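Visitor: Please walk me through this model, feature by feature. I would like the general idea each time, then the case at hand.

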Amino acid sequence: MKTSLLTAAALSLALVGCGPATKVDTAKTATSVADKHAGMAMGGHDDETHAPTMKLALSPNGPLAPGRAQGVTLTLTNIASGKPLGPSDLALAHTKRLHLLIVDSSLTDYQHIHPVVDPAKSGQWRFDFTPLLGRTYKVWADATLPDGAQEYVGAELVAGAEKAPPPSSTPAMTAEKDGLKFKLSFSKPLKSGQAAQGRIEVIDTKTGKPFAALQPIMGAFGHIVAFAGNWNSIEHVHPLGEEPKSEAERSGPAINFHIQPEQSGTLKLFAQVRANGRETIVPFTANVAP
């Protein structure tokens with residue numbers, strides 16, 4: 001399966017919203033024109049800076065607060081035409097028209113959400129968001145155009161005035177959740193701008209044996225999303241190998257993937273899998289050399 005390789009490009013984003021829960025994001029957004037969400041090889045890398053073709057607007061229906069679900073209205077607009085983008089304007093990518101990758105500035109609370117079209121308002125999407133922390137979050141909208149060009153645009157949601165600590169740089173290469181143990185390793189030390197192969201081994205904690213019953217999730221046997229420590233770079237990859245063709249297929253006990261971090265420093269990775277009918281997200285922390 002082809003990976004989705006995304007690197008930060010200096011772009012300015014527009015954001016509109018209501019009240020203090022939205023914020024203009026003038027940081028960086030990640031773009032890729034190479035990923036078509038198919039095949040087995042590593043995704044291509046676009047080294048040039050590209051102006052965004054879309055802008056993202058988020059409008060919460062009320063104040064955001066930790067532990068409380070709040071509806072959010074989302075508008076994704078074509079910058080050139082000024083037209084809001086609906087499902088017919090976006091390609092189906094891993095079973096969805098639009099993916100939202102959301103994380104707080106400490107890179108602790110990560111959520112993968114899929115907005116749905118608002119039937120009452122043309123060109124608008126909606127989703128529910130429950131922040132775990134009272135701090136600022138970044139929402140990365142992952143949209144693929146009909147010509148296969150993939151673009152990430154970002155905006156911020158403010159769930160409180162809490163000052164987030166910097167992301168921890170302490171390596172964390174194992175994680176345990178939902179009856180499974182996960183162990184991350186790389187083929188070589190991570191270095192900025194260089195590709196490496198990652199491997200996540202999955203163990204059944206009850207039996208201590210390798211777990212080979214990973215189920216399909218969004219058209220793949222897993223999703224790995226990595227954020228740079230400065231909160232402004234994202235890399236989204238999928239397992240190498242054939243994509244599942246039916247819900248009955250199983251995989252494991254290892255997830256192999258390619259990754260190419262574009263910045264040195266802390267790298268926070270989140271692996272999202274489905275096993276025993278349950279979706280699980282586990283965090284890892286690695287460090288990238290210059």
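Guide: Start with burial. Buried means under 20% relative accessible area, exposed means over 50%, and partly exposed lies in between (1.4 Å probe, protein chains only). By that cut-off, R135 counts as buried because its relative accessibility is 6%. The model is a predicted one: local features need pLDDT of at least 70, side-chain atom pairs count only at pLDDT 80 or more, and totals for chains, interfaces and linings use all residues. Residues are numbered from 1 along each chain as its sequence is written, and side-chain values use heavy atoms, with hydrogens and water left out.

Visitor: What percentage of the 290 residues in the chain is buried?

Guide: Buried residues account for 52%.

Visitor: How many helices and strands does the chain have?

Guide: Both are DSSP runs, numbered from the N terminus: helices are H or I with at least four residues, strands are E with at least two. Here there are zero helices and 20 strands.

Visitor: Which residues of strand 14 are on its covered face, and which on its uncovered one?

Guide: In a regular strand the side chains alternate between the two faces of the sheet. Strand 14 spans residues 196–204. Its covered face holds A196, G198, I200, V202 and D204. The uncovered face holds Q197, R199, E201 and I203.

Visitor: What is the strand order in the open sheet of four strands?

Guide: The order is 4-5-9-8, with antiparallel pairing. Strand 4 (54–60) and strand 8 (116–117) each have a single partner strand, so one side of each edge strand lacks a neighbour in the sheet. Strand 8 joins strand 9 (residues 125–129) through two bridges. V117 has W125 as its bridge partner in strand 9.

Visitor: Now the charges. How many salt bridges does a search of the whole structure find?

Guide: Side chains of opposite charge can pair when their charged atoms come close. A salt bridge needs a side-chain nitrogen of Lys or Arg within 4 Å of a carboxyl oxygen of Asp or Glu. The search finds six. In one of them, R135 and D104 have their closest N and O atoms 3.0 Å apart. R135 lies in the loop between strand 9 and strand 10 (136–144) and D104 in strand 6 (residues 98–104), so this pair ties together parts 31 residues apart in sequence. D104, at 0% relative accessibility, counts as buried. D104, R135 and E162 are linked in a network of salt bridges.

Visitor: Where do R278 and D178 lie?

Guide: R278 forms a salt bridge with D178, with closest N and O atoms 3.0 Å apart. R278 sits in strand 20 (residues 278–288) and D178 in the loop between strand 12 (174–177) and strand 13, so the pair ties together parts that are 100 residues apart in sequence. R278 is partly exposed at 48%, and D178 is partly exposed at 30%.

Visitor: Is K245 buried or exposed?

Guide: K245 is exposed, with a relative accessible area of 67%. Its salt-bridge partner is E242, with closest N and O atoms 3.6 Å apart. E242 is exposed too, at 55%.

Visitor: On to the nonpolar cores. Which residues have the most contacts inside the largest one?

Guide: A nonpolar core is a set of buried Ala, Val, Leu, Ile, Met, Phe, Trp, Tyr and Cys residues joined through side-chain atoms within 4.5 Å. The largest has 26 residues, and I200, F257, L269 and F284 have the most contacts inside it. Strand 19 (265–275) is among the elements giving two or more residues. Strand 19 gives the most, with five residues. Apart from this core lies another, of 25 residues, among them M54, L76, F127 and A159.

Note on methods:
Two strands pair if DSSP finds at least two bridges between them.
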